[in-house]
Amino acid sequence: MKILVTGGAGYIGSHTVVELAKAGYSPIIVDDLRCSQEIMLSGLKSILGKKIDHYAIDAASQDLEKVFIDHPDLGGAIHFAAYKAVGESVQQPIKYYENNILATSNLLKLMLKYEVAHYVFSSSCTVYGQPDILPVTETTERKPAQSPYGRTKQICEDLVFDLMQGGAKLAPVLLRYFNPIGAHESAAIGELAIGVPNNLVPFVTQTAAGLREKLTVFGDDYNTPDGSCIRDYIHVTDLARAHVAALEYLQKGGKIQVFNAGTGQGSSVLEILRTFERVNNIKLNYEIGPRRSGDIEKIWANCDLIEKELGWKAQLGLEEALKSAWQWQQTLNAQY
Ligand code: UD1
């Protein structure tokens with residue numbers, strides 16, 4: 001079955017393409033590579049032993065219709081294509097609103113026109129803001145988003161809720177990701193941080209590789225056991241598998257629309273650094289700095305619903321994730 005994957009050359013998208021292909025689907029990538037590079041496509045080819053169908057077009061543009069015309073037998077779409085840098089979204093909200101919301105409405109409009117019902121959306125735990133009770137379940141109230149990026153995720157979720165309210169012929173699953181880290185076991189694909197990384201783990205691997213002098217831990221005065229922020233870090237391969245499980249759920253007629261995708265375990269920034277050092281036998285140069293504005297103190301997921309309904313559970317741990325992230329950095333070092 002053919003599955004359209006917008007942002008399929010990106011970090012989570014590329015790992016999902018691998019898991020889709022392994023499960024017998026035929027992924028079709030739509031990605032104009034503005035946030036990615038050729039290395040991801042060549043990595044996919046080396047993992048899968050074949051070239052994956054790829055359209056270098058903007059998911060927010062009218063050109064997207066070509067994919068629907070070329071493939072009248074599409075079985076569903078997984079939508080990743082979006083900007084995701086929280087800090088940048090504060091500086092450039094229009095860039096985020098325009099791209100993230102337009103790409104989503106454009107894709108959904110075409111799905112309705114061509115009667116492609118199965119839709120899996122890349123949402124985020126950022127829609128919860130700082131929750132009052134942990135862990136967060138899918139019924140935890142969505143708080144006002146902390147950033148324009150987060151707001152675009154909420155709006156893209158709302159668009160789906162509104163469509164369903166209006167009786168649209170759509171069968172959606174919104175996956176609220178926690179913090180994806182790690183890379184494919186082959187080290188042929190991973191997180192490409194173009195410029196200064198925004199996220200913790202690429203910053204860690206670049207510091208370990210000597211590309212950055214040191215890493216700053218953003219605050220150690222939070223109300224957490226070691227004072228640093230807590231997140232639910234999930235191996236990207238596990239997360240990729242959740243998308244395949246979501247498609248299978250939709251094919252069986254599943255009706256629940258929102259699922260958390262995390263591990264159910266919180267880890268602090270300092271735990272991440274220490275685990276990275278231990279499993280890779282590397283000393284990291286880091287210092288404690290001030291809090292980063294907009295950061296929430298702690299969040300982790302309750303994943304009972306996704307386990308019960310989709311039969312999906314994270315299987316890989318922090319150690320595997322942080323080892324694979326370091327192996328991927330070696331691939332990048334060799335390449336650039
Ligand atoms: C946020 C969103 C997530 C979104 C992601 C996109 C929340 C809870 N999470 O992740 O949904 O998909 O952005 O990029 O809103 N840190 C350091 N030093 C660094 C970098 C990070 O200490 O150099 C710390 C941060 O303070 C944070 C943790 O590491 O506590 C993780 O940060 P990051 O990887 O940027 O992800 P989030 O901000 O949690």
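In which loop is Pro135 found? Pro135 sits in the loop between strand E5 (118-124) and helix H6 (148-165). Helices (H or I, at least four residues) and strands (E, at least two) are DSSP runs, numbered from the N terminus. The peptide bond from Leu134 to Pro135 is cis, with omega near -5°.

Before I go on, the conventions. This is a predicted model, in which local features need pLDDT of at least 70 and side-chain atom pairs count only at pLDDT 80 or more, while totals for chains, interfaces and linings use all residues. Residues are numbered from 1 along each chain as its sequence is written, and side-chain values use heavy atoms, with hydrogens and water left out.

Back to the backbone. Most residues other than glycine have a negative phi, and most peptide bonds are trans. Leu33 has a positive phi, near 65°, and lies in the loop between strand E2 (26-30) and helix H2 (38-48). Glu115 is not a glycine either, and its phi is positive at about 55°. Glu115 belongs to the loop between helix H5 (93-113) and E5. Its relative accessibility is 71%, so Glu115 counts as exposed (buried means under 20% relative accessible area, exposed over 50%, partly exposed in between, with a 1.4 Å probe and protein chains only).

Now the chain as a whole. It has 11 helices and 13 strands. Its radius of gyration is 19 Å, close to the 20 Å that the globule rule gives for 336 residues, so the chain is as compact as a globular protein of that length. The radius is taken over C-alpha atoms, and the rule is 2.2 Å times the number of residues to the power 0.38. Along its principal axes the C-alpha trace spans about 55 × 45 × 40 Å. Of the 336 residues, 55% count as buried.

The axes of H7 (residues 200-208) and H11 (residues 318-335) come within 10 Å and cross at roughly 55°. Axes here are lines fitted to C-alpha atoms, for helices over the stretch in contact, and angles run from 0 to 180 degrees between N-to-C directions. H7 and H11 are therefore oblique to each other; angles under 35 degrees count as roughly parallel, over 145 as roughly antiparallel, 65 to 115 as roughly perpendicular and the rest as oblique. Val201, Thr205, Gln206 and Ala208 in H7 meet Leu322, Ala325, Trp326 and Gln329 in H11, where contact means heavy atoms within 4.5 Å.
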